[in-house]
Every structure is written in C-alpha cells, then in structure tokens.
Amino acid sequence: MTKLRLGVLASGTGSNLQSILDACAQGRIPAQVAVVISNLTSAKALDRAREAGVRAILLPHQLSPSREAYDEQLVSVLREHEVELVCLAGFMRLITPVLLRAFENRILNIHPALLPSFPGLHAVRQALKAGVKISGCTVHVVDEGTDTGPILVQAAVPVLEGDDEESLAARILAQEHRCYPWALRLWAEGRVALEGRRVRIATARGDPTRQILSPALQGEQP
Ligand code: GRF
C-alpha cells in the first residue's frame, strides 16, 4: 500500500506531531510525514521532526507582506513535498482561502474542546468558565470558519472538581494524542467520506450502551 503523504503545520511544542510521527513509524497509520513546517523559530515541533528524520522547514510569517502571501509560500512548500493531506497541529495562524483552495477538504485540525462548543482561542478556559462537566477534543476538516468544519473524531473527558486550565488541558491533550493518529488512520485507509457537514466513517463501530457520567456515580443510584 502506498503511504499517504502528510504535511504537518505546527507552531509549538509539537506533542500532537510526535503522536503522528510515532504512529507512522510504528506502522499504525499507512502514512508518512513528508514535511513539517513552522512559522516560529522556537517551535519544538521542528526539533521533533529533525529527530525523526523528517524534513523540517521554518517559514517565518513576519517576512510575508500578507496572510495570503504567506499561504502561497506554504502551498508551494507543501506541493514541493507532494503532500496529500495537511495536518494543523497547534498551528497558531489563521489560514486563508489560498491554502484552503489549494487543499480543499484536505486540511485537518485538532482542537481542545468538543466542537461546536468553544471554538477559537483558550478553548479549555472557555469550557471551565462555562461550567461544563464534560469536555474533550475534536479532529475536524478545516473550512473557511474558525473551528467550524465537519467533525471526524472526538474524545470526551470529565471535568473534575478542582480542575484548573492546566489540569484539564493535560487530560484533554492525552486524548488528542489518540484522536489525531486515529483520524489519520481512518483517512489513510480510505474510510472517510464527506457528506455535507457529516463525515461518514466506513466500518466504524460504536457501543450504543457506552456513556460518560460526570460527576461519576460511585456505587450509589441516581
Ligand atoms: C493542542 O492543545 C491542540 O489542540 C491545539 O494546540 C495544542 C498543540 O499542542 N490546537 P502541541 O503543540 O501538539 O503539543
């Protein structure tokens, strides 16, 4: 089976990138990371790529006259590396139609909330402030809105008494590291079909009896 060529865009720590690199290296996804691009020199994601023997490219956004011009550069690097699917993994830039059109319905993002709740910045803070009892993460197809595209995979975690932004973000991040590789595996295996806003996933089984109660019942009846 030929491997799906991924291009990962990341601005930060790159722990999601790492989960993708590991899953590819271990043969859990029929894909390979062809290139990692960051807009920031400080991005640890670039080091992670180099350590994995993957092409790491720094494209500082400050040098571009406009967002569109920056995205033109992104598109040309992605094309140069024959990227088939773009993965945003903590990429702290708003992307423009230039990139969206070049990779229409072929850009994924991961977001630390159960979308469509809490899109945009500080999603974990927003969830805590709203007082939800369950939060989680979402892998979605990127469209022209902010975190509004069709949903591919989600994982839920409880919000616990005493949680702060850091503890909840860490619980969510652990699930992100499962969700992104899983979404990529489904995609790379050709099991994903977009039908309007709904993403159909072939042969995906669900357990209809499974649920998360938060706070959890501890032996007692409700
Ligand atoms: C993650 O929380 C992701 O959901 C958000 O940015 C963060 C990136 O973390 N989009 P990392 O750089 O992958 O560690």
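Analyst: Helices (H or I, at least four residues) and strands (E, at least two) are DSSP runs, numbered from the N terminus. With that in hand, H1 and E5 each supply at least two residues of the shell around the ligand. This is a predicted model, where local features need pLDDT of at least 70, side-chain atom pairs count only at pLDDT 80 or more, and totals for chains, interfaces and linings use all residues. Residues are numbered from 1 along each chain as its sequence is written, and side-chain values use heavy atoms, with hydrogens and water left out.

Start with the shell. Gly 12, Thr 13, Gly 14, Ser 15, Asn 16, Gly 90, Ile 110, His 111, Pro 112 and Glu 176 surround the ligand. To be near it, a residue needs a heavy atom within 4 Å of it.

Next, the polar contacts, which are pairs of N or O atoms within 3.5 Å; within protein, one must be able to donate a hydrogen and the other to accept it, and residues adjacent in sequence count only if both atoms are side-chain atoms. Gly 14 places a backbone N or O atom 2.8 Å from an oxygen atom of the ligand. Asn 16 also has a backbone N or O atom 2.8 Å from a ligand oxygen atom. For Ile 110, a backbone N or O atom lies 3.0 Å from a nitrogen atom of the ligand. Taken alone, the ligand exposes 360 Å², and the protein buries 79% of that. Accessible areas come from the Shrake-Rupley method with a 1.4 Å probe; for residues, only the protein chains shown count as cover.

Now the helix. H1 spans residues 15–25, and eight of its eleven residues are buried, so the helix is largely enclosed by the rest of the structure. Buried means under 20% relative accessible area, exposed over 50%, and partly exposed in between (1.4 Å probe, protein chains only). The buried set is Ser 15, Asn 16, Leu 17, Ser 19, Ile 20, Leu 21, Ala 23 and Cys 24. Ser 15 and Asn 16 also belong to the ligand's surroundings.

What do the buried residues of H1 pack against? Their partners are strands E1 (4–9), E2 (31–38) and E5 (107–111), along with helices H2 (44–51) and H6 (165–188). Contact here means heavy atoms within 4.5 Å. Just after H1, Gly 27 takes a positive phi of about 75°.
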